Amino acid sequence: YHRSDDRYRKSIAELGKRIDHEFEILIFEEEGLENPHVFDAFYDTFEKRFNEIFQKYGDDTELIVNLSSGTPAMQACLATMAINDPHKIILKQVSVAKADKNRTEREKNKEFDFETYWETDEDNEPEQPCRVIDIENEAFNKRVQKELIAEHVRKYDYHAAMLVAESIRNSVPEELYC
């Protein structure tokens, strides 16, 4: 849909007007991604793009990533990167709207009318609840960190194991640090 009618950038720009905020929209279109279901197909591409963003805006930049779109492989890749990347990557997810069946029909329409779509979008109603969910990724993060600690211990690198353990200190029993 992005290529055919630019609906996503238009929506973000319209939202920016409504809340008096100018968004910078970056679109990365990769050619040759023939297997969107394969996890490894995305890792290098996402890492390259993320590095470009952090180089441009600085290492202390917070990058907000929407996990709602894309294939399961893309979502898993992004969730993994958020844990392993030293930068601040914030994961968000958008729950499905109640009137999603109407939205689906409008999106299939070849003659997409942005103005009508925007005006009839229930999310623009003042009393609509926010459908954005923060993804903490804590359970997955803790599991990855525990595996990393175990690997360091197996290699007798106790200093590295303690550094990783300190990063999850608040989420494991204190007696493990005695």
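**Figure 1. V94 and V132 at the pairing of β2 and β3.** In this predicted model, V94 stands opposite V132, a residue of β3. Strand β2 covers residues 88–94 and is joined to β3 by four bridges. The two strands, β2 and β3, run antiparallel.

**Figure 2. The pairing of β1 with β2.** Strands β1 and β2 run parallel and are joined by five bridges. Within this pairing, L63 has I89 of β2 as its bridge partner. L63 belongs to the covered face of β1, together with V65. The uncovered face of β1 is formed by E62, I64 and N66.

**Figure 3. The three-stranded sheet.** The sheet is open, and its strands follow the order β1-β2-β3 with mixed pairing. Its edges are β1 (62–66) and β3 (132–135), each of which pairs on one side only. From one strand to the next, the twist averages 35 degrees. The mixed pairing is made up of the parallel contact of β1 with β2 and the antiparallel contact of β2 with β3.

**Figure 4. Helices α3 and α4 on the sheet.** Helix α3, residues 40–57, lies across β1 and β2 and runs at about 145 degrees to β1. Helix α4, residues 72–84, packs on the sheet and touches β1 and β2. The direction of α4 makes about 145 degrees with that of β2.

**Figure 5. The nonpolar patch that includes L15.** I12, L15, I19 and F23 make a nonpolar surface patch of about 310 Å². L15 is located in helix α2, which spans residues 7–19. L15 counts as partly exposed because its relative accessibility is 34%, and the limits of that class are 20% and 50%.

Figure 6. D6 sits in the loop between α1 (2–5) and α2. Its phi is near 60 degrees, a positive value in a residue other than glycine. Most residues other than glycine have a negative phi. Is D6 buried or partly exposed? The relative accessible area of D6 is 21%, so D6 is partly exposed; buried would require a value under 20%.

**Figure 7. Y156, in the loop between α7 and α8.** Helix α7 covers residues 138–154 and helix α8 residues 158–167, with Y156 in the loop between them. Y156 is not a glycine, yet it has a positive phi of about 60 degrees. Y156 counts as exposed because its relative accessibility is 65%, and the class begins over 50%.

**Figure 8. The whole chain, for orientation of the close-ups.** The chain contains eight helices and three strands. Read from the N terminus, its elements run α-α-α-β-α-β-α-α-β-α-α. Of its 178 residues, 28% are buried. The chain exposes about 13,000 Å², and carbon and sulfur atoms supply 51% of this area. Among contacts between residues at least 6 apart in sequence, 61% join residues at least 24 apart.

Conventions:
Residues numbered from 1 in each chain as written. Predicted model: local features only at pLDDT ≥ 70, side-chain atom pairs only at ≥ 80, totals over all residues. Heavy atoms only, no water. Patch = residues over 30% accessible without salt bridge, like charges linked within 9 Å, V, L, I, M, F, W, Y side chains within 5 Å. Areas by Shrake-Rupley, 256 points an atom, 1.4 Å probe, with all protein chains shown as cover. Salt bridge = Lys/Arg side-chain N within 4 Å of Asp/Glu carboxyl O. Buried < 20%, exposed > 50% of the residue type's maximum accessible area, 1.4 Å probe, protein only. Pairing = 2+ DSSP bridges. Axes fitted to C-alpha atoms, helices over the stretch in contact; angles between N-to-C directions. Contact = heavy atoms within 4.5 Å.
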